[in-house]
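Please look over the sequence and the model before reading on.

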Amino acid sequence: MILLLAAPAAAVVRPRDTVIESSSVGSARISASAETDRYPIDDGSGETVAVAVTEACQAACNAADPQQIADFLGTLIHGYEMELLTVQLDTPSQIEFDCGYGAQACYYGGEDKIVLNGNSSTAPDGASREFVLAHEYGHHVARHRESPSPFPAALDWGTARWASHEHVCQGSRAGALFPGNEGLHYFRDPGEAFAESFADLRFPESEVPWRWVPSLDPTPAALEAIREDTLDPWRGRTSFRLSGRIPARHAGEAVRAFRTPLDGTVSLRPASPPLYDLSLLNPSGRVLRSSHSGLDPAHRLNYTVCGQSRLRVAIRSSHASGGAFQLQIQRP
């Protein structure tokens, strides 16, 4: 049983960043004043990143060196999404307009853009500007990762392996987590917890306090899941087959077990026209879903895995005699 604790009292602290889909008219005007160029991230990959400095920041900011930003980004684990990113450096007043009062930065998901303070700064919780930038890059990684059906986008839910490891599905169903909620439930938003964990992966010695739901406080296994999701993204469901023989109807049923390492939709379908009924069971034997060959022409079982690591399927002959069976199974 997973214990999902409530967010601590620190959750009332003002959020450090925001996630926004696209720029307002006013923010677009600020962006239009920026001078943009591409800079090498100098990690040996040959990749570059776009860095924009607003006109006001060029005149007034004390740490608006685009190459310095690119060099830091090169120290983060990343994939193809690096080339899609733009980092915009704002003055503090522009940050407040673009990202909201009290925010240190923001991520525009529909534009692949991070807006960051052009001054060297430290957030009220002790997060350095580099830590904040790593957090925003975590959002950018999630924006470009797939989330298993039927869950929300990874930007709100967290990446596939991380979300499964951290029991995001169970937490959401229990009302302890609120995917994509950037308002009152900011510190119960798994998308924000993922981004903060991404920053913790880059800064393992950081003393920035964890302000999200305690159950999401990153463990070494959770950080390793983030590393895998970043470097080797989940690419969709995989298929395999179970086969064997089932006894005559009066003699019982065949039962097979299979692993479900990630949360998401599992589908079972006979590989040929069936003469048998199916029941999907949890490890203790409780029936989760059933399908009967005579009643369901599609004869497919779909089930959302939410925390289970293993399931069983019972195959029973729908006729007097037994015979062979073959099932095609798709799982995240």
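## Basis of the model

This is a predicted model, in which local features need pLDDT of at least 70 and side-chain atom pairs count only at pLDDT 80 or more, while totals for chains, interfaces and linings use all residues. Residues are numbered from 1 along each chain as its sequence is written, and side-chain values use heavy atoms, with hydrogens and water left out.

Helices (H or I, at least four residues) and strands (E, at least two) are DSSP runs, numbered from the N terminus. Strand 4 covers residues 86–90, and four of these five residues are buried, so the strand is largely enclosed by the rest of the structure. Buried means under 20% relative accessible area, exposed means over 50%, and partly exposed lies in between (1.4 Å probe, protein chains only).

Two strands pair if DSSP finds at least two bridges between them. Strand 3 (residues 48–53) runs parallel to strand 4 and is joined to it by four bridges; Ala-52 has Gln-88 of strand 4 as its bridge partner. Strand 4 also pairs in the parallel sense with strand 6 (residues 113–117), over five bridges.

## Salt bridges

The structure holds eleven salt bridges, each defined as a side-chain nitrogen of Lys or Arg within 4 Å of a carboxyl oxygen of Asp or Glu. One of them joins Asp-232 to Arg-161, with the closest N and O atoms 3.8 Å apart. Asp-232 lies in the loop between helix 10 (220–231) and strand 7 (238–246) and Arg-161 in helix 7 (residues 160–165), so the pair ties together parts that are 71 residues apart in sequence.

Arg-316 and Glu-253 meet at 3.3 Å, N to O. This pair links strand 13 (residues 310–317), which holds Arg-316, to the loop between strand 7 and strand 8 (254–259), which holds Glu-253. Arg-316 is partly exposed at 29% relative accessible area, and Glu-253 is partly exposed at 37%. Arg-16, Asp-125, Glu-196 and Arg-211 are linked in a network of salt bridges.

## Asp-200

Asp-200 is found in helix 9 (residues 190–202). Asp-200 is buried yet has no salt bridge, and the nearest side chain of opposite charge, Arg-16, is 7.6 Å away. For charge, Lys and Arg count as positive and Asp and Glu as negative; His and the chain ends are not counted.

Leaving aside residues up to four places away in sequence, Asp-200 touches Phe-131, Trp-210 and Pro-218, where contact means heavy atoms within 4.5 Å.
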